[in-house]
Amino acid sequence: MQRLAALLLAATAPAILAPPAAADDPRTAAVTALQRDFKPRGIATMNFLVEDGVQAICNRTDDKPPKEIAQRLEQDQLAGIRWPADGKLVGDWKSGERIAQNGRGMTWSDPANAPGGGSCYNCHRIGPQETSFGTIGPSLFQFGKTRGSGPDMQRYVYGKIYNAKAFSLCSQMPRFDHVGALSEQQIKDLVALLLDPGSPVNK
Amino acid sequence: MADPMKIRAKLDGDVLDVRVLMAHPMETGQRKDGAGNLVPLHFIQTITAQLNGRPVFQAETSQAVSRNPVFGFKLKGAKTGDKLSITWTDNKGDKRTDEVTVPTA
Amino acid sequence: MTRTLALCAAAALVAAAPVPQAAGQTKPPAVERDATTEEFEKFRAVLEADNPAELFELRGAALWKTPRGPKNASLERCDLGLGPGVVKGAYVQLPRYFADTGKVMDAEQRIVHCMVTLQGFDAAALAKQPFSNETRTPDPVAITTFVAGQSRGMKIAPPQTRPQEREAYAVGREIFFYRAGGYDFSCASCHGEDGKRIRTQQLPNFTRPEEAIRSYQGWPGYRMTGGVMHTLQWRLNDCFRQQRFPEPGYVSDSLTALLTYLAVNSKGQVYKGPGIKR
């Protein structure tokens with residue numbers, strides 16, 4: 001996936017991949033400093049400091065990549081989503097609420113191989129009872145009620161949680177299944193939280 | 001001796017508004033340290049205040065009071081130049097006394 | 001007259017714009033949020049009146065004057081940028097370039113440097129457990145709190161006259177916007193816009209002085225949770241943990257660059273001294 005992205009970049013926008021002008025340009029100096037000063041700890045290993053294709057393009061374009069490049073890379077990400085084999089995209093909203101509340105996972109203070117959560121309430125308003133919600137992302141309150149909960153919407157919500165960058169290349173939202181933070185079942189349960197007519201989100 | 005207190009005394013007429021910031025771990029005896037061991041009970045048991053050597057205030061406190069507590073009380077009949085001294089003692093026998101001179105109002 | 005009318009018209013247009021709301025939706029908790037924020041602010045004002053951070057300023061002042069370490073020397077000849085032993089006003093003029101080390105240093109980095117060079121303490125030992133917990137406050141934390149308190153009421157003014165200082169700012173800016181880690185977060189993901197919060201924690205926008213100061217001035221800060229004294233070194237460490245990055249080195253140059261960016265972005269704002277937090 002990343003190789004394809006790199007080839008696309010080379011073909012369409014060579015200027016973006018031009019090597020840094022001088023050894024002491026701030027970007028190079030910053031990356032060198034990070035590599036030198038940071039240490040791995042717990043599950044947070046040094047590879048996490050190296051930009052992957054999406055991070056690289058977003059960092060170099062201030063999160064505003066050229067439209068053609070963004071669209072091609074979004075399509076690539078979309079093509080990389082592994083949809084559930086059983087074709088079911090909606091799980092249990094009660095479990096979804098717990099996953100949305102859980103902010104653990106992927107930090108150096110989290111154990112390896114232990115399921116984390118989606119940290120959803122850190123950024124979003126979701127259920128009606130939870131007033132301790134963040135405002136970094138848009139409100140998801142009444143999501144299914146206002147946007148519908150048919151197969152197309154289920155596919156969008158599932159895909160967005162799996163890999164948010166498939167829909168908006170430089171979105172601030174993490175790519176939860178792409179990076180292995182959430183499992184297939186966990187995403188299904190979050191889809192239910194947002195779309196199930198029985199979920200408090202849609203009452 | 002234990003860490004110093006910070007005493008603020010403000011005169012309003014002849015009423016002295018006193019606020020004392022005390023440095024003390026105030027362990028409840030319920031907390032577990034990083035290794036899982038219970039941290040022993042360690043808390044301020046008495047606080048006394050003296051004005052020019054004469055006792056004017058005494059309080060008995062429990063482990064329910066939080067770490068590095070702030071203690072406030074008002075005192076009538078104080079004037080500029082008076083010596084206000086505060087003493088605390090804890091359950092381990094440790095104590096601390098600090099003194100301030102009452103400033104002009 | 002005309003201006004007022006124009007403003008009224010504009011306001012009316014904005015008010016009339018349809019806000020997408022499903023039928024039967026409960027009123028968004030904007031009112032509750034304001035009341036909550038107000039209560040928090042009242043609470044904060046009471047706390048700030050008697051901040052336990054002052055106890056650590058006292059402790060730091062004693063550590064500054066006391067001869068300690070293998071060299072049995074005090075820190076009274078430590079140069080924080082305004083000359084040996086000058087503490088008043090030094091904190092708000094950091095980070096800055098130091099000729100003796102040939103690099104830009106922030107307050108805690110410089111204090112550790114003085115503890116090592118003047119007093120003979122071991123840098124690796126100081127870096128081993130550099131952050132406070134409920135039973136222990138490391139000496140550099142108390143000293144940094146003391147030094148910061150000596151800049152109380154002064155305007156933030158880190159110099160940007162040397163090329164190294166300007167480079168530190170530029171590198172800090174790159175780090176601030178560098179998206180990486182398992183969640184693709186940069187500092188800017190949370191701190192790059194006005195009016196955002198994570199759960200109920202307000203997130204100041206570090207790219208604007210009026211906003212950047214709201215964060216910068218809170219540190220060093222006494223945290224009520226656990227009753228611990230923390231500096232910016234702790235705050236940045238914990239930010240990178242939550243950003244899903246690996247761990248930055250204590251008083252490392254990457255953090256100094258980032259602190260230079262933050263301090264310069266707070267330039268001109270008044271530093272109120274060590275803060276207090278939930």
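I started where chains A and C meet: β1(A) and strand β8 (residues 247-248) of chain C pair in the antiparallel sense over two bridges. I used DSSP for this, and two strands pair if it finds at least two bridges between them. Helices (H or I, at least four residues) and strands (E, at least two) are DSSP runs, numbered from the N terminus. A:F38 has C:P248 of β8(C) as its bridge partner.

I noted the ground rules. The model is predicted, so local features need pLDDT of at least 70 and side-chain atom pairs count only at pLDDT 80 or more, while totals for chains, interfaces and linings use all residues. Residues are numbered from 1 along each chain as its sequence is written, and chains are lettered from A and ligands numbered from 1 in the order in which they are written.

**A against C**

I looked up the contact of chain A with chain C. There, 42 residues of chain A touch 36 residues of chain C; contact requires C-beta atoms, placed from the backbone, within 7 Å. Elements giving two or more residues to chain A's side are α2 (26-37), β1 (38-39), α3 (53-60), α6 (120-123) and α7 (143-147) of chain A. The largest share, seven residues, comes from α2(A). By class, I found 22 nonpolar, 13 polar and seven charged residues on that side of chain A. Ala, Val, Leu, Ile, Met, Phe, Trp, Tyr, Cys and Pro count as nonpolar, Asp, Glu, Lys and Arg as charged, and the others, Gly among them, as polar.

**Helix α7 of chain C**

I checked the length of α7(C). Its 14 residues should span 20 Å at 1.5 Å a residue, and the end C-alpha atoms are 20 Å apart, which agrees. The expected span is 1.5 Å times one less than the number of residues.

Next I listed its buried residues: C:A168, C:Y169, C:V171, C:G172, C:R173, C:E174, C:I175 and C:F176. Buried needs 20 or more other C-beta atoms within 10 Å of the residue's own, exposed 12 or fewer, and partly exposed lies in between, with C-beta atoms placed from the backbone. The cover over these residues includes α2 of chain A, together with β2 (103-105), α8 (187-191) and α11 of chain C.

I then took the packing of α7 (residues 163-176) of chain C on α11 (residues 253-265) of chain C: the angle is about 95 degrees, and the axes are 7 Å apart. Axes are lines fitted to C-alpha atoms, for helices over the stretch in contact, and angles run from 0 to 180 degrees between N-to-C directions. So α7(C) is roughly perpendicular to α11(C), a label for 65 to 115 degrees. The residues of this contact divide into nine nonpolar, four polar and two charged. Among them are C:Y169 and C:F176 in α7(C), and C:L258 and C:Y261 in α11(C).

**A sheet in chain C**

I found an open sheet of three strands in chain C, in the order β7-β6-β10, with mixed pairing. β7 (228-230) and β10 (275-277) stand at the edges with a single partner strand each, so one side of each lacks a neighbour in the sheet. Neighbouring strands are turned by 30 degrees against each other on average, direction ignored. β6 (residues 221-223) pairs with β10(C) in the parallel sense over three bridges. C:Y222 stands opposite C:I276.

**Chain B**

I counted zero helices and seven strands in chain B. Its C-alpha atoms fill a box of roughly 50 × 20 × 20 Å along the principal axes. Of its 105 residues, 23% are buried. Toward chain C, 11 residues of chain B contact eight of chain C.

Definitions and conventions
Angles under 35 degrees count as roughly parallel, over 145 as roughly antiparallel, 65 to 115 as roughly perpendicular and the rest as oblique. Two residues are in contact if their C-beta atoms, placed from the backbone, lie within 7 Å.
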